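Morning, everyone. Please look at the screen while I talk. I'll keep this quick.

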Amino acid sequence: MLKFIARRLLFLPIVMLGVTMLLFGALQFLSPAMRASLYVKDPRQLSALNEVILKYGLNKPMPVQYWIWLKQVLHGNLGYSETAKMPVAVAIRAFFPATFELTLVSFIPILLIGIYFGTLSAVKKDKLLDQTTRIVAITGYSLPSFVLGLFLLMIFYGHFQIFPPGRYSLNVDLLVHSSRFHHYTGLLTLDALLNGDFAAAGDILAHLVLPATTLIYISVALLLRITRSSMLEELGKDYVRTARAKGLPESVVVKKHARKNALIPVVTLSSLLFIGLLSGVVITETIFDFPGIGRWSVIAAQQLDVPGVMGATLLSAFLFVVANMISDMLYAFVDPRIRLN
Amino acid sequence: MNQRTACRLFPVLLLALVSCARKPVQQAVFDPSTYTELTFNDSDSMDPAWSYDTASDEVILNIYEPLFMFKGSSTKELVPLIAAKVPTRANGLISADGKTYTIPIRRDVTFQDGTPMTMADVRYSILRFILQDRDAGPSPLLLEPLTGYGGTRDSNGKIVPGIFKKAEKSVQIQGWDLVLHLPRPFSPLPTILASWAPIVSKEWAIKHGDWDGTEATWKKYNNPQKQTSPFFEHAFGTGPFVLVRWDRNTHEIVMRRNEHYWRAPAKLKYVIIKGIDEFETRKLMLEAGEADSIYADREVWEQVQNTPHVQIIDDLPTLEVNPIVFFTFKLDGTGNPFIGSGKLDGQGIPLDFFNDINVRKAFAYAFDYKDYINEVLNGKGIQPTGVVPKGLLGYNPNQKIYSYDPQKAVYYFKKAFGGQVWKNGFKFTAVYNAGNIPRQSLLQVLKHNIEALNPRFNIEVRPMDWPEFLDSYISSKLPIFILAWQADYPDAYDFTFPLLDSQGAYPGPQHFADPRLDKLIDAAVAQTDPAKREKMYWRIQELEYEDVPNLPVLQPLDYRTQRDWVQGWVNNPIFPDSPYGCYYYPVYKKLPAPPRKPKHA
């Protein structure tokens, strides 16, 4: 196992280097003036366009620019993100905990609901529950997240005045930035609880409810359907028939035998879902004014903020490799026949 | 605790936490001490010498103070702020030759910690503003009048020899007087000093690692990296508010009332300016009372109408000309995708297509200005009479303007290129910045009207993202392009130079030059007699009408969306981000009185 982890971790820098080289290569198609647009946003600044290109070395050959960037990275400096208005490393530290918190709050219910109802749908195939979950899955699939997000916001915040957008309200804003609030983990709900402030924790949680609900509704559909189809396949296999013939209770057949085997595609999908959520959910973060990494990385990409884009890409590559490694390890756990070596 | 108990406890705990959270939200509904403004853009820097964007400038307006201030909503009348008097010829504080300004400074001004402001701070602030001179920054606005130079570096990025000495000599102090020596008269100087170069603390700056004010070190602080300055994210000013926090994570700026303010303290205790990209979210927060005013552009005007407790203040004047259609006189043909065949063969345009004045005039007569303003923009604006907007000295209401006249358009098209344009037709691509609906509509109206004149005329309209636009703009590849100009300071020079002078921001890539205009613009800025100056700007706009280098289409009227409990707001179109942005000193919140019940006899 350790050998497997070490091999995967050794692979990490190569993946990251490859991804960043690809990105820099793609940027070669953009002219210096296009990349200068990051610094020249107002028509009043147009006359200084050439000076900006010179100052930031945007007219240098792309390999030279890549080498300069890489040297910085090797010295532990990821550069300065113009869109985040802070160094890239600081930006990642600032935005990632919010996304991580939202991911945790969404991903656990996604897993629980997806696997539980997916299993139940398979067991009660074509019954009312199966039909209901099918409708939920189809609407979840087809509903754009901005429509659902705005709809939830209008009902719960616009009408009932609960579950506001943002990450916290003004009182909590002042609290979390004061010296008496200790940031232990970066996860504000947990930090508020550790600080003993339950009202603040409740406020932060209330701000998480709608974005998390949107993500759960949109993402659970896929997991639900995959679990259902995988379960149906397993339930039709000979070993299940044998288990039933042996007189094992149905719950044991379903939970201990069939479901465990049905989980392999679910693990793959879950890890991809997890990476997707961790890399940021742009529309949900935008609608709910949630300061996460997704919103930042998209703004960085739109405005050709090269250090910002590279930083976000490095993070995504890192998450991808690590999440894949964990999912491979989980395969071995759910199916002992799989050997990591 | 078994699994089942945990499952039952979880929703109970969740509900309990959420019910705790409802309290702060409800309290936020009416809080007279805190003002929340929701905008869509984020600040760039809190450094007054760096900032050249409206979002940052709005914060700076409330934290720092310049020498003068505009009186109420006037863009012409100045009142002293840090200065004790506004220099005029009448009070003798502007010398007879217009080259020396003596500005008495108040002695009772304090910084936010209560330490008194000194004359060294005043001089340091102005020198720092002009000598920092970052690329694409605001320094040239003041550097030019004080030194005669448009920048501290030449085109190769080398420091101009002797520029420090020139700057130092031009900004002098004599007791409590600031004396500015100009190389030549420069009439807009007081209005520039009312908008830029506010006072910072020299002591605070040096203590936090900024320039020490000496010649030996200034080059190190010239054209710096933005984030290296202590002023980038911290502030130390004399203004009515103090910067508590600029949270780039949540796009939020928190300002607190300056309790050491040298005038009476502001009525609001906190001001929060928060960037929220999504309009619907901003609107919902306004409705819930969590926001006191929001940014809402003309396209969503109908959506904010008739919202309970929300006040719409409409028809507010602006100091901008937006949009303006620019013609490129000499196009770059290298790999140019916008000019078709590059010949006048009906499948393209030649590189000098718009160099022919008949083509430009034909385009000018082919656009229906009135219809565009009334139908597309609901009548919210006026057709400018030139590049100088209404509200500034130099605006001439009687100046001739182009109006929709298809017969004249045909006449000029027939004259263009010796009749070849009419006979062969043309084809080119016109672009607008993606997402800008009014500009898209403008080009579609122009396309429709021109193509209706002759079936051989063809204009393709397409959107373009800002980076791509910049690339095409700088290399003079766009046959026509649409942009705008808003005032840096309220003076006609700020419009005529960038839009009409051959050294200006637009005429460069347009390859437009009229020596008569250059000479007049130069003379007008040095003219100190307002009556003579006004005449000069009228003449400039007559020449603009003759040359048709561009078509100023609209001076828009804006509107503001705020809660009905907001009181004391004053609109001044020169304030940054006006009317959405705000000078918060006079603003307060008060619940409107309930409507009176009619008395019964």
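This is a predicted model: local features need pLDDT of at least 70, side-chain atom pairs count only at pLDDT 80 or more; totals for chains, interfaces and linings use all residues.

Let's start with the whole of chain B. Its secondary structure comes to 19 helices and 20 strands.

Now look inside chain B. Buried residues make up 50% of its 601 residues. Next, take the contacts between residues at least 6 apart in sequence. Of these, 68% join residues at least 24 apart.

Now a sheet in chain B. Three strands form an open sheet, in the order β16-β12-β17, and the pairing is antiparallel. Which strands sit at the edges? They are β16 and β17 of chain B, and each pairs on one side only. From one strand to the next, the twist averages 25 degrees.

Let's take the pairings one at a time. β12(B) and β16(B) pair in the antiparallel sense over 6 bridges. β12(B) and β17(B) also run antiparallel, joined by 3 bridges. Follow Val325(B) here. Its bridge partner in β16(B) is Ile482(B). In β17(B), its bridge partner is Leu551(B). Next comes Phe326(B), whose bridge partner in β17(B) is Asn550(B).

Is β12(B) enclosed or open? In β12(B), 8 of the 8 residues are buried, so the strand is largely enclosed by the rest of the structure.

Ile480(B) has its place in strand β16 of chain B. Why do we call Ile480(B) buried? Because 24 other C-beta atoms lie within 10 Å, and the cut-off for buried is 20 or more. What does Ile480(B) touch, leaving out residues up to four places away in sequence? It touches Val325(B), Phe326(B), Phe327(B) and Ala430(B). Here is one more pair to find on screen. Ile480(B) and Leu331(B) are 149 residues apart in sequence. In space they are 9.9 Å apart, C-alpha to C-alpha.

Helix α10 of chain B covers residues 357-366 and is mostly covered itself, with 8 of its 10 residues buried. Among the buried ones are Val359(B), Phe363(B) and Tyr365(B). Arg360(B) and Lys361(B) are buried too. What do the buried residues of α10(B) pack against? Two of the partners are strands, β12 (320-327) and β17 (550-552) of chain B. The others are helices α12 (406-415), α13 (420-424) and α14 (437-453) of chain B.

There is another sheet to see in chain B. It is an open sheet of 3 strands in the order β4-β6-β5, again with antiparallel pairing. Its edge strands are β4 (100-104) and β5 (171-174) of chain B. The twist averages 25 degrees from one strand to the next. β4(B) pairs with β6(B), residues 177-181, over 5 bridges. In that pairing, Pro104(B) stands opposite Asp177(B) in β6(B). Helix α3 of chain B, residues 119-132, packs on this sheet and touches β5 and β6 of chain B. The direction of α3 makes about 170 degrees with that of β5(B).

Now the contact between the chains. It takes 43 residues from chain B and 54 residues from chain A. Which elements give two or more residues on the chain B side? They are α1 (3-27), α8 (279-287), α15 (466-474) and β16 (480-486) of chain B. α1(B) gives the most, with 8 residues. By class, the chain B side has 21 nonpolar, 8 polar and 14 charged residues.

Last stop, chain A. Two packed helices are described by the angle between their axes and the distance between the axes. Helix α5 (residues 88-123) and helix α14 (residues 293-302) of chain A have axes that come within 8 Å and cross at roughly 135 degrees. That makes α5(A) oblique to α14(A). Which residues meet? From α5(A) come Ala91(A), Phe95(A), Phe96(A) and Thr99(A). From α14(A) come Ile293(A), Gly294(A) and Trp296(A). By class, this contact has 5 nonpolar, 2 polar and no charged residues.

Terms used:
Residues are numbered from 1 along each chain as its sequence is written. Chains are lettered from A and ligands numbered from 1 in the order in which they are written. Axes are lines fitted to C-alpha atoms, for helices over the stretch in contact, and angles run from 0 to 180 degrees between N-to-C directions. Helices (H or I, at least four residues) and strands (E, at least two) are DSSP runs, numbered from the N terminus. Angles under 35 degrees count as roughly parallel, over 145 as roughly antiparallel, 65 to 115 as roughly perpendicular and the rest as oblique. Two residues are in contact if their C-beta atoms, placed from the backbone, lie within 7 Å. Ala, Val, Leu, Ile, Met, Phe, Trp, Tyr, Cys and Pro count as nonpolar, Asp, Glu, Lys and Arg as charged, and the others, Gly among them, as polar. Two strands pair if DSSP finds at least two bridges between them. A residue is buried if 20 or more other C-beta atoms lie within 10 Å of its own, exposed if 12 or fewer, and partly exposed in between; C-beta atoms are placed from the backbone.
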